[in-house]
Amino acid sequence: MAPLFTLFAGTLLARLLGLLGVDALDGWLPALRVGLALMFVLTGLAHFGLGRRASLVAMVPPRLPRPELLVTVTGVLELAGAAGLLLPATYRLAAGCLALLMLGMFPANVYAARHHVELAGKPATPLPLRTALQAIFVAAALTVALA
């Protein structure tokens, strides 16, 4: 739930700053870009944190090779995408790529839910809730990409 909270709180805070006179954040689209960027910084850093990394590696379905490398690469892509969301020249491309990345990583969430993988000592998010969250995240990214 932390990514959802980060997305919403980051977007609302950025929008508030826009209303208070920060021209770069004047509008819902720039605010959503900031909220998404904050969310991907949070999730990207989790790929390298000691407590979360092992859980993320455990989420990778066994049919995929080199799960540690996959977790590292996806973490780097999330952090690069977060930076790309903040740049006027790249935010649409970054958002589109992040939407595709989320779709590509979703099977790991399915695997974690079906095989009761623990994430930092807690059970994986049940699949119906995880699917709804993923739909929100992908919709937010596509909103930025296509707006």
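The legends below describe close-up views of a predicted model.

**View 1. Arg53 in helix α3.**
R53 is found in helix α3, which covers residues 50–59. R53 is buried, yet it has no salt bridge. The nearest side chain of opposite charge belongs to E68, 4.5 Å away, and a salt bridge needs the two charged groups to be within 4 Å. What does the side chain of R53 have beside one of its polar atoms? The backbone oxygen of E68 lies 3.1 Å from a polar atom of that side chain. Apart from neighbours within four places in sequence, R53 is in contact with A46, H47, F48, E68, V71 and T72.

**View 2. The buried residues of helix α3.**
Which residues of α3 are buried? They are R53, S55, L56, V57 and M59. The elements that cover these buried residues include α2, α4, α5 and β1. Of these elements, α4 spans residues 67–85. One of the buried residues, R53, is the subject of View 1.

H47 lies in the loop between α2 and α3. Is H47 buried or exposed? Its relative accessibility is 7%, so H47 counts as buried. Two backbone atoms lie beside polar atoms of the H47 side chain. The backbone oxygen of V71 is 2.8 Å from a polar atom of the side chain of H47. The backbone nitrogen of G75 is 3.2 Å from a polar atom of the side chain of H47. Residues up to four places away in sequence are not counted in the next list. H47 touches R53, L56, V71, T74, G75 and E78. Among these, R53 also has H47 in its own list of contacts.

**View 3. The salt bridge between Arg15 and Asp26.**
How many salt bridges are counted in the model? The count comes to one salt bridge. R15 forms a salt bridge with D26, and the closest N and O atoms are 3.5 Å apart. R15 lies in helix α1 and D26 in the loop between α1 and α2, so the pair ties together parts that are 11 residues apart in sequence. R15 has 13% relative accessibility and counts as buried, whereas D26 is partly exposed, with a relative accessible area of 48%.

Which residues make the nonpolar surface patch? L13, L16, L17, L20 and V22 make a patch of about 460 Å². One of them, L13, lies in helix α1, which runs over residues 2–19.

**View 4. Two residues with positive phi.**
Most residues other than glycine have a negative phi. H116 is not a glycine, but its phi is positive, at about 55°. H116 sits in the loop between α5 and β1, and at 68% relative accessibility it counts as exposed. A120 is also a residue other than glycine, and its phi is positive, near 55°. Where is A120 placed? A120 is in the loop between β1 and β2. With 39% relative accessibility, A120 counts as partly exposed.

A124 is in the loop between β2 and α6. A124 is buried, with a relative accessible area of 14%. How far apart are the C-alpha atoms of A124 and A112? These atoms are separated by 6.0 Å, although the two residues are 12 residues apart along the chain. Not counting residues up to four places away in sequence, A124 touches A112, A113, V117 and L119.

**View 5. Val138 in helix α6.**
V138 is in helix α6, which covers residues 127–146. V138 is buried, with a relative accessible area of 11%. When residues up to four places away in sequence are left out, V138 touches A99, M102 and L103. A89 is 49 residues from V138 along the chain, and the C-alpha atoms of the two are separated by 21 Å.

**View 6. Arg114 in helix α5.**
R114 is placed in helix α5. Is R114 buried or exposed? R114 is exposed, with a relative accessible area of 59%. R114 and L38 are 76 residues apart in sequence, and their C-alpha atoms are 29 Å apart in space.

Terms used. Residues are numbered from 1 along each chain as its sequence is written. This is a predicted model: local features need pLDDT of at least 70, side-chain atom pairs count only at pLDDT 80 or more; totals for chains, interfaces and linings use all residues. Side-chain values use heavy atoms; hydrogens and water are left out. Helices (H or I, at least four residues) and strands (E, at least two) are DSSP runs, numbered from the N terminus. Buried means under 20% relative accessible area, exposed over 50%, partly exposed in between (1.4 Å probe, protein chains only). Lys and Arg count as positive and Asp and Glu as negative; His and the chain ends are not counted. A polar contact is a pair of N or O atoms within 3.5 Å; within protein, one must be able to donate a hydrogen and the other to accept it, and residues adjacent in sequence count only if both atoms are side-chain atoms. Contact means heavy atoms within 4.5 Å. Patches are made of residues with over 30% relative accessible area and no salt bridge: like charges are joined within 9 Å, nonpolar side chains (Val, Leu, Ile, Met, Phe, Trp, Tyr) within 5 Å. Accessible areas come from the Shrake-Rupley method with a 1.4 Å probe; for residues, only the protein chains shown count as cover.
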